[in-house]
Every structure is written in structure tokens, then in C-alpha cells.
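Please look over the following model slowly, and then read the report below, which goes from the sheet to the cores and ends with a single residue.

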Amino acid sequence: MVQPIYKLWQGRPTEAWHRLPQEEQQRLLGKVMDALSQAGGKELVVCSAAWSNERWPLFGLEEFPDVEAVQRHTQMLMDLNLARYIDSRTTLGTQFTLPE
């Protein structure tokens, strides 16, 4: 049985991001969201954590149908050169059910 893959990401904007005009920031974010949809993923939540975490002021959780979808999404983000604008770290996992 194939289980959904969950991707926890944490991010912070780079200096290159801050140099982009706001219109370009919005355009890039639109492309990032398009890539997620095209890869078959969906955004579950995006959170502001700046008030509690100075290293990773943003985090989110995404769901993918399988690991191949995660790989497609990762390649699309690489094609957008997103790492130039956002430092990030990710963790992948599957749902864990505690024994009763």
C-alpha cells in the first residue's frame, strides 16, 4: 500500500530574496505554488515562526501522493533556482500510528 509522503520544510529568505522587487517575489512564489500543484502535492499549512525561531522564521507542511512526486517537485524547485532566494531544510516522512 502506497502511503502519502509528508514534507516538513523550514525556510528563511536570503539577501537575494530581499533584493528582489515585491512583484518579482510574488511572481516567484506563484511559480513555487504552481510547481507544487504540477507535481501532485498540496500545501497543508504554512506558518510564521519568527516570533519563536530566529533561524527558521517560516515553516510548512506539504503532502505528496508518493516519493516520485516529491522528487518531481524538488527538481522543479531546483529549476527555479529557489535555493538562491530561500535557505531551507526539509524532513520527509509517512504517517505514524501509535499502538493502542
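The model is a predicted one.

The sheet is open and consists of four strands in the order 2-3-1-4, with antiparallel pairing. Strand 2 (42-48) and strand 4 are its edge strands, each of which pairs on one side only, and from one strand to the next the twist averages 20°. Strand 1 (residues 5-13) and strand 3 (residues 58-64) run antiparallel and are joined by seven bridges; K7 stands opposite E62 in strand 3. Across strand 1, strand 3 and strand 4 lies helix 3 (residues 67-79), which runs at about 20° to strand 1.

| Core | Number of residues | Residues |
|---|---|---|
| Largest nonpolar core | eight residues | A16, W17, L20, L28, V32, L77, L82 and Y85 |
| Another core, apart from it | five residues | among them I5, L36, F64 and A69 |

To the largest nonpolar core, helix 1 (15-19) and helix 2 (22-38) each give two or more residues. Leaving aside residues up to four places away in sequence, L20 touches Q25, L28 and Y85.

Is P99 buried or exposed? P99 counts as exposed because its relative accessibility is 69%, and exposed means over 50%. Between P99 and V70 there are 29 residues in sequence and 28 Å in space, taken from C-alpha to C-alpha.

Terms used: Residues numbered from 1 in each chain as written. Predicted model: local features only at pLDDT ≥ 70, side-chain atom pairs only at ≥ 80, totals over all residues. Heavy atoms only, no water. Buried < 20%, exposed > 50% of the residue type's maximum accessible area, 1.4 Å probe, protein only. Core = buried A, V, L, I, M, F, W, Y, C linked by side-chain atoms within 4.5 Å. Contact = heavy atoms within 4.5 Å. Pairing = 2+ DSSP bridges. Axes fitted to C-alpha atoms, helices over the stretch in contact; angles between N-to-C directions.
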